[in-house]
Amino acid sequence: MSILFPLASVVFGTMLVEARRASRNERRQRGRGGIEPPDDVYRMMRWAYPLGFAAMLVEGALRGSPPPAIVTAGLALFALAKLVKWWAILSLGPFWTFRVIVVPGTSLIRSGPYRWLRHPNYVGVVGEFAGVALAAGAWLSGVAAITGFGWLLYRRIRVEERALATASPPTRTS
């Protein structure tokens with residue numbers, strides 16, 4: 001249980017940093033003529049993401065700490081997932097937001113992790129959930145959070161791909 005408070009502080013602290021950055025970038029994108037598709041699942045995601053972590057931390061508090069090797073593996077996975085996510089965030093720069101907002105005529109980013117993965121940010125998010133689930137020993141809520149948020153990500157990717165295809169030029173480089 002001693003790891004749960006610092007883990008919660010890191011999880012929710014970085015979430016606040018990311019929310020501020022996303023909000024600033026959303027304003028910029030809209031100011032440049034950015035378009036947001038009407039069928040995005042963001043309204044569900046904005047609640048499911050923090051609630052998934054909260055549920056895992058509560059379950060971890062109720063269950064007690066898993067073996068130290070599992071906690072260590074979970075923390076390592078969480079840290080690696082955050083690195084992948086922040087690599088994606090920094091690679092997108094002002095184009096990274098929580099919402100799907102596409103500025104017509106802009107090129108698709110193909111640098112950083114986008115050279116190898118189409119949606120590295122989402123790979124990072126799933127890794128964050130898995131890492132916290134392991135570190136907290138939250139087997140039930142961890143599976144539920146990954147499954148539920150995974151379904152939202154599946155829907156989100158479909159919206160995002162459609163928005164990018166209609167707003168970006170045919171030759172995409174960066």
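**View 1. Helix α3 passes helix α4 in a left-handed crossing.** The model is predicted. Helix α3 spans residues 68-92, and helix α4 spans residues 120-136. Their axes come within 7 Å. They cross at roughly 160°. Angles over 145 degrees count as roughly antiparallel, so α3 is roughly antiparallel to α4.

**View 2. Residues at the contact of α3 with α4.** From α3 come I70, V71, G74, L75, L77, F78, A81, K82, V84, K85, A88 and I89. From α4 come P120, N121, G124, V125, G127, E128, A130, G131, V132, L134 and A135. By class, 15 of the contact residues are nonpolar, five are polar and three are charged.

**View 3. Helix α1 runs against helix α4.** Helix α1 covers residues 4-31. The axes of α1 and α4 come within 10 Å. Their crossing angle is roughly 165°. The cut-off for roughly antiparallel is over 145 degrees, which means that α1 is roughly antiparallel to α4. The crossing of α1 past α4 is left-handed.

**View 4. Residues at the contact of α1 with α4.** On the α1 side are L4, L7, V11 and E18. On the α4 side, E128, V132, A135 and A136 meet them. Six residues of this contact are nonpolar and two are charged. No polar residue takes part.

**View 5. Helix α4 with α3 and with α1.** E128, V132 and A135 of α4 are among the residues in contact with α3. E128, V132 and A135 also meet α1.

Terms used: Residues numbered from 1 in each chain as written. Predicted model: local features only at pLDDT ≥ 70, side-chain atom pairs only at ≥ 80, totals over all residues. Heavy atoms only, no water. Axes fitted to C-alpha atoms, helices over the stretch in contact; angles between N-to-C directions. Helix = DSSP H or I, 4+ residues; strand = E, 2+ residues; numbered from the N terminus. Parallel < 35°, antiparallel > 145°, perpendicular 65-115°, else oblique. Left-handed = near helix turned anticlockwise from the far one by under 90°. Contact = heavy atoms within 4.5 Å. Nonpolar A, V, L, I, M, F, W, Y, C, P; charged D, E, K, R; others polar.
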